Amino acid sequence: MTTQLMVQPSSLISSGIRMSEFGNIYLFKFTEELQSRFEELLEKKKTNTLTPEEEAEYVGISELERIFTLINAQLAAKSKWCPNKLDDL
């Protein structure tokens, strides 16, 4: 098993997350600064030029993105707004 170091996703929440209204629900989104940093790290990852510190930051931000994607999908699914909701279920 390989141990992977990462920036703790919870350390990014206070300064890197905002709530955004979407229809009748609020979704979690990255701030412009965190989104920009994530995209910068992603580009460096594609070219295999991340430092170990940047890799840890990238992994932490990626994990936070996965968490919020899951939460936002659940919020949307439970919302009356959700366009994919099937009335017969």
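Which residues in α2 meet which residues in α3? Leu34, Arg37, Phe38, Leu41, Leu42, Lys44 and Lys45 in α2 meet Glu54, Glu55, Glu57, Tyr58, Ile61, Ser62 and Glu65 in α3; contact here means heavy atoms within 4.5 Å. The residues of this contact comprise six nonpolar, one polar and seven charged. In this division, Ala, Val, Leu, Ile, Met, Phe, Trp, Tyr, Cys and Pro count as nonpolar, Asp, Glu, Lys and Arg as charged, and the others, Gly among them, as polar.

The model is predicted: local features need pLDDT of at least 70, side-chain atom pairs count only at pLDDT 80 or more, and totals for chains, interfaces and linings use all residues. Residues are numbered from 1 along each chain as its sequence is written, and side-chain values use heavy atoms, with hydrogens and water left out.

**Overall organisation**

The protein has three helices and two strands, and from the N terminus on its elements run α-β-β-α-α. Helices (H or I, at least four residues) and strands (E, at least two) are DSSP runs, numbered from the N terminus. Of the 89 residues in the protein, 29% are buried, a term for under 20% relative accessible area with a 1.4 Å probe, protein chains only. The accessible surface, computed by the Shrake-Rupley method with a 1.4 Å probe, comes to about 6700 Å², and 54% of it belongs to carbon and sulfur atoms. Among the contacts with a separation of 6 or more, 52% are between residues 24 or more positions apart.

**The helix pair**

Two packed helices are described by the angle between their axes and the distance between the axes. The axes of α2 (residues 32-46) and α3 (residues 52-78) come within 10 Å and cross at roughly 120°. Such axes are lines fitted to C-alpha atoms over the stretch in contact, with angles running from 0 to 180 degrees between N-to-C directions. The two helices are therefore oblique to each other, the class that remains after under 35 degrees (roughly parallel), over 145 (roughly antiparallel) and 65 to 115 (roughly perpendicular).

**Two residues of strand β1**

Strand β1 spans residues 17-22 and includes Ile17; Ser20 also lies in β1.

| Residue | State | Relative accessible area |
|---|---|---|
| Ile17 | buried | 16% |
| Ser20 | buried | 16% |

Not counting residues up to four places away in sequence, Ile17 touches Leu12, Phe28, Lys29, Phe30, Thr31, Leu34, Leu64 and Phe68. With neighbours within four places likewise left aside, Ser20 is in contact with Ile25, Tyr26, Leu27 and Lys29.

Notes: Buried means under 20% relative accessible area, exposed over 50%, partly exposed in between (1.4 Å probe, protein chains only).
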